[in-house]
Amino acid sequence: MATLLQPEKVLYLVRGEKKIRVPLSQLYFCRYCSELRSLECVSHEVDSHFCPSCLENMPSAEAKLKKNRCANCFDCPCCMHTLSTRATNIPAPLPDDPTKTTMKKAYYLACGFCRWTSRDVGMADKSVASGGWQEPENPHTQRINKLIEYYQQLAQREKLERDRKKLARRRPFMPQAFSQHTIHVVEKYGLGTRLQRQRSGAPISALYGLSLKEGEDQKEITIESAQALDEVEPLPEDYYTRPVNLPEVTTLRQRLLQPDFQPAGASQLHPRHKHLLMKRSLRCRKCEHNLSKPEFNPTSIKFKIQLVAVSYIPEVRIMSIPNLRHLKESQVLLTLTNPVENITHVSLYTCEEGDPDDINSTAKVLVPSKELVLAGKDAAAEYDELAEPQGFQDDPDVVAFRKSNKIGFFIKVIPQREEGDVTVAFKLRHDFRNLAAPIRPTEEGEATSEAIWLTHHVELSLGPLAT
Amino acid sequence: MVRALSGQTVVTAQLQYEVDSPAVCERVVRLMSGALALFLSCRGIKALALCLRQLELRSVLSIKMPLFEGLGSGGEKTAVVIDLGAAYTKCGFAGETGPRFIIPSEIKHAGSPEAVRVVQYNINTEELYSILKEFVHLLYFRHLLVNPRDRRVVIVESVLCPSHFRETLSRVFFKHFEVPSVLFAPNHLMSVMTLGIQSALVMDCGYTETLVLPIYEGIPILSAWEALPMGGKAIHKELHSLLSEQCTLDTDSGPGLSLPTVISAIPEDVVEDIKVRTCFVSDLQRGMKIQEAKFNLDGSAERPAPPPDVEYPLDGRKILHIKGSIRDSVAEMLFEQDNEEKSIATLLLDTLVKCPIDTRKVLSENLVIIGGTSMLPGFLHRLLSEIRSLVEKPKYRDALATKSFRIHSPPAKPNCTAWLGGAIFGALQDILGSRSVSRDYYNQTGRIPDWCCLSTPLPDSVYEAGKTPPPLMKRAFSTEK
């Protein structure tokens, strides 16, 4: 019977950009828009970074600096497991007395999974437990930085030119005969002409940039263009006859973990710092309110803001299904749970003919016509043995049982198809009290706010027909 | 917290807000960009002040801060650079020396063992949209760990990318992730930017195909493009068929079993691993002999001695014996001339023939080879020798006067060179904005401007925010000293 509790059996329809059918446990509820939201129709944002192995939070500025990598933890370059620091004692001469030797601690990194150690790569043992390990630097860094500076200079020039052109276009009273060349000439040799006076009202930026270039001794950055080579190194002669030692050759996956170096030999695989993970916060696209905001602390699983649908919308669950036969009416027992603390009134409606949402149902359903009343969720109810019976008058044909904030009720299902799974759909209408933001200040002691009626489209998949 | 130190022209502001709404954040930044400098503090490191005296934040940067090189100069954050290849995707940030991650361009779902390829051109829009959305979501939230809304995007891609794919990708970025702007950069042009030269003949040996495009003075000569579907995919297919025919397996049930009896097909990533670890490209003489022996027209050609066999473990319980002859012959298919006498080497020469005469010498002396397939051991040497020998053939001897060929070595591995070019371009914040397609423009027109489509309305700027960036080098200042 546990299969009936699987979340995929009961789907709620979300009206976003696309209509999606998702179990209620995977949905969020925006109480400002009063609508259901799924993961597809909210915007995701990065909230905080943390290391998955040492669970240390990292502020985003530092994460940017460290390129989203933890300072203390390393990944094994062979199997991507987390490396642990091991210590050995090595004899080392005392600083005062070179003849005597004493045991000193030396640390090295080792992988508990594939037995790789930092000594395989030739990394010397360090005398401090953490902070001594450095990643190798990319040899091309300097050249690339120089290239960037050079291009930035060209880009600045282009931007100035573009701004000047924009200026030229904005001032229609300037003679059209001014070509780009004359503007250059004028600028190069100083603006001692009428032009300067006319342009005095122009924004400062264009002129300022110019005077900065001439006044300040800004060196023209030139770079030597790359030299092309005539000859490329051929493969060494013994390449054709040398047997391949497969464990020595790195796999493609190992190589791509180090994009700067991509070494072919396993003896050059250096460990890298561990990549961080992040916590996400979700935001409704329409009203820009946060739907989910996790705690800052990586070890905490709680949320600062948690507007999940199961805590606002009544949840339908299937309790028991009898044998379903083609064109025969059967009773299915469903439960309805009220997540909020006040009394909720729920009414169910069948989908009308030609309902555009109703595309999957393969059976007719008859839902109770009377309104169902659900008691509020009382957190102390389980401890209260002397619970008074709730004074609800229930029709025994409709309501099977009632237990604190849950009721069980019957629906009648008539499968229309001879084969395949039976799917039914109906509309669930309930009242929702928005306690989020009172529009007008209410009187003292009055805590109720306006109740709005929300309608959701629910689909149940009841499984195959009984043979 | 904004503090103005009187008596100095330096005004500092602390940028450590936790705003819960992007609108507030924008207002805050705009307030500060009036006449302020930025002061960033991080975990106890003392503040460093950038001194600005202008209205615009980005123009003058007199103090270099080596510590904060990852951050942009001024208020704008560094752009995200993505190179979406058919086999692998390189992603990272502008201004850095290498991509942060090189990941396979595929999505793994929980249920199915087969991964779904991201770069597919033949599926319908809805499916492509959801696949791309999921993939870009992974890129941002698992690998780059940044908010999509804050940063501009530079996408390095091939000029032959179908418009339908490009449109869907831009729809994913603009509609779902709401990025501020997107720039589509051709990968051949970007790789030239890593060298500091203006003209080059660029060959991209990738997964689906090999594409040659000449760049002269910063402008791609689009009419002279040449392509062949010879790439990683073709090599994998050939290698798989050779392995199935010729190689034997050792399993628990017994040694020497032929491959098809045990497993139906070797998965492609295993074939790729075999290619990367055991295969190589022989030099010209040896390669020619192998080709003659394969076609064996006279019946007399002898194959040179094959390299040693390799025992390759599969799944931990099987051992595949890879014949040595496979190791050096599978890469020959790149250089075998097919029925139209085309091979990878002839592509370069055909392109030269198509180019204007005065450009040929410059182009032939500036060859740039990028792409993952070109990282096979011995590839470059073989390519150069092939070109040099082909240029003596009657077909090219009279057509091409230039006989000297030189090859560049960019400051990055060949599979990351195009990405690096995109990162260098993305670091130029002054012009990145004007050349990209902004979100407003996209919302107005609903389309991405394309180099092959002339009916796109121009945005309200001097340069069209189109695909081929106008040359910003030579044309900038004709009066340079």
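Two strands count as paired if DSSP finds at least two bridges between them, and the strands themselves are DSSP runs (E, at least two residues), numbered from the N terminus, as are helices (H or I, at least four residues). The model is predicted, so local features need pLDDT of at least 70 and side-chain atom pairs count only at pLDDT 80 or more, while totals for chains, interfaces and linings use all residues. Residues are numbered from 1 along each chain as its sequence is written, chains are lettered from A in the order in which they are written, and side-chain values use heavy atoms, with hydrogens and water left out.

**View 1. Meet β15 of chain A and its two partners.** Look for Q331(A), which stands opposite K412(A). β15(A) also pairs with β14(A), residues 315-320, again antiparallel, over five bridges. There, E315(A) has T337(A) as its bridge partner.

**View 2. An open sheet of five strands in chain A.** Reading across, the order is β6-β5-β11-β12-β13, with antiparallel pairing. β6 (57-58) and β13 (303-306) are the edge strands, each pairing on one side only. Inside the sheet, two bridges join β11 (277-284) to β12 (290-294), and R283(A) stands opposite N290(A).

**View 3. A helix from chain B on that sheet.** Helix α2(B), residues 125-144, packs on the sheet, touching β5 (42-50) and β11 of chain A (contact means heavy atoms within 4.5 Å). Its direction makes about 25° with that of β5(A); axes are lines fitted to C-alpha atoms, for helices over the stretch in contact, and angles run from 0 to 180 degrees between N-to-C directions.
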